[in-house]
Amino acid sequence: MSLETTTSQTVGPYFALGLTRLNKSNLVGPGVSGEQVTITGRVIDGEGKPVPDAMLEIWQANSHGKYSHPEDTQDKPLEPGFQGYGRIPADADGKFSFITIKPGPVPGPDGRPQAPHIAVSVFARGLMRRLVTRIYFPDEAANAGDFVLNLVEPARRGTLIAKKTGGHSDTLEWNVILHGADETAFFDIGL
Amino acid sequence: MTNIAGYRRPHPDTQPNHLHPPYVSSIKRAPTKPLVCMPHTLTEVTGPSFGSKSVDVKACDLTRQHSGEPLGERIIVSGRVLDENGRPVPHTLVEVWQANAAGRYVHKVDQHNAPLDPNFIGCGHILTDSEGRYRMVSIRPGAYPWGNHFNAWRPAHIHFSLFGPVFSTRLVTQMYFPGDPLIPFDPIFNCTADEKARNRLISLFDWDSTIPGNALGYRFDIILAGREATPWEEPRSNGGK
């Protein structure tokens, strides 16, 4: 039996009505190990205007590089205080901010470790389907050899790497530019 | 760990392009550069789950969230969540939101000159059962005007948001009602090239779930990406080394 995936449709302008219940902008529960970071940025359209009716969803591993999901069979500890899920709406100025921990490395193709990264889905009015991207970390030696980052043309890789603000590695800036010369690199993972 | 079996990519044209100029909001928000195709890694074949602890069983009935009954035509929307291989997707979260019977959302941005209903908010959620079934009770949402073009009206629709088992199965869509005369004119409905795929967003009127003397039934099945049988192969570089 082979069916076809249902067609995606935009979240439209009123998604807050249905999706606010699962908003989560602090992913770090009690007793969670690792390096805590605050990641802040804006969602910007092709005219440089903020996108207030946008929302990000986050998926990431814990500081040991372990996903809270049965498919992850690695012999690494899970932490009950860290599920790895976040949902953060943009505000009226297109700004978002969330608190998490820097994930540990997880395996990539052929078992080679991937550089620490956060998977991101971007939803907004005007987007018929989500946009998928990743956040990588600054000053991370593993970025140079990361399989996924290396699929992106070199000039655009910087759009995926968060920047330190005020010289602090625990306060990062990462923006989502939807459209235009400086647009964020987005991935095709299917839907 | 060897390579991972990923989830299937959609058939061409069964999913919308990011840019669909008749839907004006897409013009400055759709990416201009091709998406970077990547294999699924452990990141893409894992994802958040929301068990029964995070679900309010009463949230499947949007007509019982207040002391009084909402205005409008009572409906039952039910169906199954399956993957492309025809397997049920059990215990997965379905989030829904919609306008009231007059075509007005409970949202500060919605300034449509139609009344709010003090007995209707228009949001709910359901966990599918062990066979992927879901069922919600609501009222039929109204059509409403929007600013996309002259005399633009959205057909009646209910928004659905589903996670499925992993990050790669995430889906947000809209369900429409059979026979709605606005559907053929709606740029959002029309953003998908494949007509059959588009038409699957229109629910079916369903006698089996219709409750005599109480509510009309509509059936809407939702298909999420299914898993590939074999792992993704890394494309060989030039020279086949």
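Two residues are in contact if their C-beta atoms, placed from the backbone, lie within 7 Å. By that rule, among contacts in chain B between residues at least 6 apart in sequence, 72% join residues at least 24 apart. This is a predicted model.

**Chain B**
- Chain B has 12 strands and one helix.
- Their order along the sequence is β-β-β-β-β-β-β-β-β-α-β-β-β.
- Along the principal axes, the C-alpha atoms of chain B fill a box of roughly 70 × 45 × 30 Å.
- Chain B has 241 residues, and 43% of them count as buried.

**Where the chains meet**
- Chain A puts 63 residues into the contact, and chain B puts in 70 residues.
- Elements of chain B that give two or more residues to this side include strand 3 (93–98), strand 8 (157–162) and helix 1 (195–199).
- Strand 9 of chain B gives the most, with four residues.
- The chain B side divides into 32 nonpolar, 25 polar and 13 charged residues.
- Strand 10 (residues 187–188) of chain A pairs with strand 1 of chain B in the parallel sense, over two bridges.
- A:Phe187 stands opposite B:Val36, which lies in strand 1 of chain B.

**The largest nonpolar core**
- This core has 105 residues.
- A:Val43, A:Val122 and A:Phe123 have the most contacts inside it.
- Strand 5 (residues 117–124) of chain A supplies the largest share of the core, six residues.
- Leaving aside residues up to four places away in sequence, A:Val43 touches A:Val122 and A:Ala124, among others.
- A:Pro50, A:Phe96 and A:Leu178 are also among the residues that A:Val43 touches.

Methods:
Residues are numbered from 1 along each chain as its sequence is written. Chains are lettered from A and ligands numbered from 1 in the order in which they are written. This is a predicted model: local features need pLDDT of at least 70, side-chain atom pairs count only at pLDDT 80 or more; totals for chains, interfaces and linings use all residues. Ala, Val, Leu, Ile, Met, Phe, Trp, Tyr, Cys and Pro count as nonpolar, Asp, Glu, Lys and Arg as charged, and the others, Gly among them, as polar. Two strands pair if DSSP finds at least two bridges between them. A nonpolar core is a set of buried Ala, Val, Leu, Ile, Met, Phe, Trp, Tyr and Cys residues joined through C-beta atoms within 7 Å. A residue is buried if 20 or more other C-beta atoms lie within 10 Å of its own, exposed if 12 or fewer, and partly exposed in between; C-beta atoms are placed from the backbone.
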